[in-house]
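User: I would like to learn how to read a model like this one, feature by feature. Could you walk me through it?

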Amino acid sequence: MLQTQQNFVDYLGQLDTLAQKARLDKDKSKLIASIKERELLIPVVGGFSAGKSSALNDFLGQEILSVAITPETALATELCYTSEQSYAEGVKDNDSVEKIAISDLDSLKSRASEFKYLRLYLNNPKLEAIEPLILVDMPGFDAPLELHNKAIMEYLQRGIYFIILESAESGTIAMSIKKHIDSLQTLGRDFSFCLSKVDLVAPSTLDDVKNKIASILSA
């Protein structure tokens, strides 16, 4: 658990007397269990080909996420820790789940339309270290398919914090990303904005890009 979750659980544990008087003991127990078990989603978002999958692969220390996905085959992918052998799950529109071997992930490109999102359960120390945080590799904000846009809107509601990537090569913030940043602020969600592919831009140009983006974000 995060320290804030533990603090809340400890606080609730000190309310036994008041809870019993108010006959809330059963509900309190359910609330404590819910806090302990809650998964906290951190979507990593941005434009298509902004480097989201590459950045997450670098974080994980393994090439698990495909960097050759097209807008038509991209699926939101939740990265979860498991102490067992790694595996994947495909979650369908009716919330049924299909278990998938990690070795078969590339074959999902031809079946992307069958799933609402994926969960990767990885025996990875980096994911264990950040539990209960779950990083989500998102389709690009400019994905053309209605299914992908629906997924993006769903995670705008479910995510507790967002990491937004934009390629330094773009020189600015795409309108689609600015629109979703506005949505995040409306929903009261916090985010970090990161530039990717900075090694592909001259240092002097990079400073101009940073200043331009800072101006747009503060507007």
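Analyst: Happy to! Keep in mind that this is a predicted model. Let's start with Asn 124: its relative accessible area is 2%, and the cut-off for buried is under 20%, so Asn 124 counts as buried.

User: Where is Asn 124 placed, and which residues is Asn 124 in contact with, leaving aside its neighbours within four places in sequence?

Analyst: Asn 124 sits in the loop between strand 5 and helix 5. Beyond those sequence neighbours, Asn 124 touches Leu 60, Gln 62 and Tyr 81. With Gln 62 there is also a polar contact of 2.8 Å between the two side chains.

User: Leu 60 takes me to helix 4. Which residues of helix 4 are buried?

Analyst: In helix 4 (residues 52-60), they are Lys 52, Ser 53, Leu 56, Asn 57 and Leu 60. Viewed down the helix axis, these buried residues fall within an arc of 130°, so they line one face of helix 4. As a general idea, an α-helix has 3.6 residues a turn, so residues three or four places apart point the same way.

User: What do the buried residues of helix 4 pack against?

Analyst: Their partners are strand 1 (40-46), strand 2 (77-81), strand 5 (117-122), helix 5 (125-130), strand 6 (133-137) and strand 7 (161-167). Just after helix 4 comes Gly 61, with a positive phi of about 75°.

User: And how do strand 3 and strand 4 pair?

Analyst: Strand 3 (residues 87-91) and strand 4 (residues 97-100) are antiparallel, with four bridges; Val 91 has Val 97 as its bridge partner. The two strands form a hairpin with five residues between them, and Asp 95 in the turn has a positive phi of about 70°.

Key. Residues numbered from 1 in each chain as written. Predicted model: local features only at pLDDT ≥ 70, side-chain atom pairs only at ≥ 80, totals over all residues. Heavy atoms only, no water. Buried < 20%, exposed > 50% of the residue type's maximum accessible area, 1.4 Å probe, protein only. Arc of directions from axis to C-beta. Contact = heavy atoms within 4.5 Å. Pairing = 2+ DSSP bridges. Polar contact = N/O pair within 3.5 Å; in protein donor to acceptor, adjacent residues only side chain to side chain.
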